Amino acid sequence: MEHVQAGLSGEQILQMNLDQYLPVLLFILVGMGVGVVPLVLGYVLGPNRPDAAKNSPYECGFEAFEDARMKFDVRYYLVAILFILFDLEIAFLFPWAIALQDVGLAGFIAVVIFLAILVVGFAYEWKKGALDWE
């Protein structure tokens, strides 16, 4: 009723509503372009020289062969888990670094304790030989 009193037609109201979705549509198109264009360019412009090593299956650190129930070395998984663990712990430092002035001395001491625990864990893993690949 308010639009009728303002003298707007139905077409003008529809145009106003669709104008609000233009930034969202542009955002979606740019996002899809950023994701798809590099893939297409890499496929079109990149060299394609397959050989036996490139076409071999590689999933878990060793060549896939014979029975899936065979015994295998778990050191690959241990190193991967340790990498993820330390990577995530380091990722916690980025928000702290940005808010360093806001958290003050208490935040600084908390991160020093956090890093000390991280170093102790790393030293323990190193001493136990979890990072050695023989």
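This is a predicted model: local features need pLDDT of at least 70, side-chain atom pairs count only at pLDDT 80 or more; totals for chains, interfaces and linings use all residues.
Visitor: Is Val112 buried, partly exposed or exposed?
Guide: The relative accessible area of Val112 is 42%. Buried requires under 20% and exposed over 50%, so the value for Val112 puts the residue in the class between, partly exposed.

Visitor: Which residues form a nonpolar patch on the surface, and what is their accessible area together?
Guide: Val112 belongs to this patch, with Leu100, Val103, Leu105, Phe108, Ile109, Ile113 and Ile117. To join a patch, a residue needs over 30% relative accessible area, and Val112 has 42%. Together the patch residues have an accessible area of about 720 Å².

Visitor: How far apart are the end C-alpha atoms over residues 20-45 and over residues 104-124?
Guide: Residues 20-45 are 92% helix and 0% strand, with the end C-alpha atoms 38 Å apart. Residues 104-124 are 100% helix, also with 0% strand. For residues 104-124 the separation of the end C-alpha atoms is 31 Å.

Visitor: Is Phe122 buried, partly exposed or exposed?
Guide: Phe122 lies in helix H7. Its relative accessibility is 35%. Since buried means under 20% and exposed over 50%, Phe122 counts as partly exposed.

Visitor: What separates the C-alpha atoms of Phe122 and Phe86?
Guide: Phe122 touches Phe86 and Leu131, leaving aside residues up to four places away in sequence. Phe122 and Phe86 are 36 residues apart along the chain. Their C-alpha atoms are separated by 8.7 Å.

Visitor: Which side chain of opposite charge is nearest to Glu125, and how far away?
Guide: Glu125 is in helix H7 and is buried. Not counting residues up to four places away in sequence, Glu125 touches Leu82, Leu85, Phe86, Ala130 and Leu131. A salt bridge needs the charged atoms within 4 Å, and Glu125 has none. The nearest side chain of opposite charge is Lys128, 12 Å away.

Visitor: Which residues does Glu89 touch, not counting residues up to four places away in sequence?
Guide: Glu89 sits in helix H5, residues 75-91. Glu89 is buried without a salt bridge, and the nearest side chain of opposite charge, Lys128, is 18 Å away. The residues touched by Glu89 are Phe114 and Leu118.

Visitor: How many helices and strands are there in the protein?
Guide: From the N terminus on, the elements run α-α-α-α-α-α-α. The count is 7 helices and 0 strands.

Visitor: What share of the residues counts as buried?
Guide: The protein exposes about 12,000 Å², of which carbon and sulfur atoms supply 70%. Of its 134 residues, the share that counts as buried is 7%.

Notes: Residues are numbered from 1 along each chain as its sequence is written. Side-chain values use heavy atoms; hydrogens and water are left out. Patches are made of residues with over 30% relative accessible area and no salt bridge: like charges are joined within 9 Å, nonpolar side chains (Val, Leu, Ile, Met, Phe, Trp, Tyr) within 5 Å. Accessible areas come from the Shrake-Rupley method with a 1.4 Å probe; for residues, only the protein chains shown count as cover. Buried means under 20% relative accessible area, exposed over 50%, partly exposed in between (1.4 Å probe, protein chains only). Helices (H or I, at least four residues) and strands (E, at least two) are DSSP runs, numbered from the N terminus. Lys and Arg count as positive and Asp and Glu as negative; His and the chain ends are not counted. Contact means heavy atoms within 4.5 Å.
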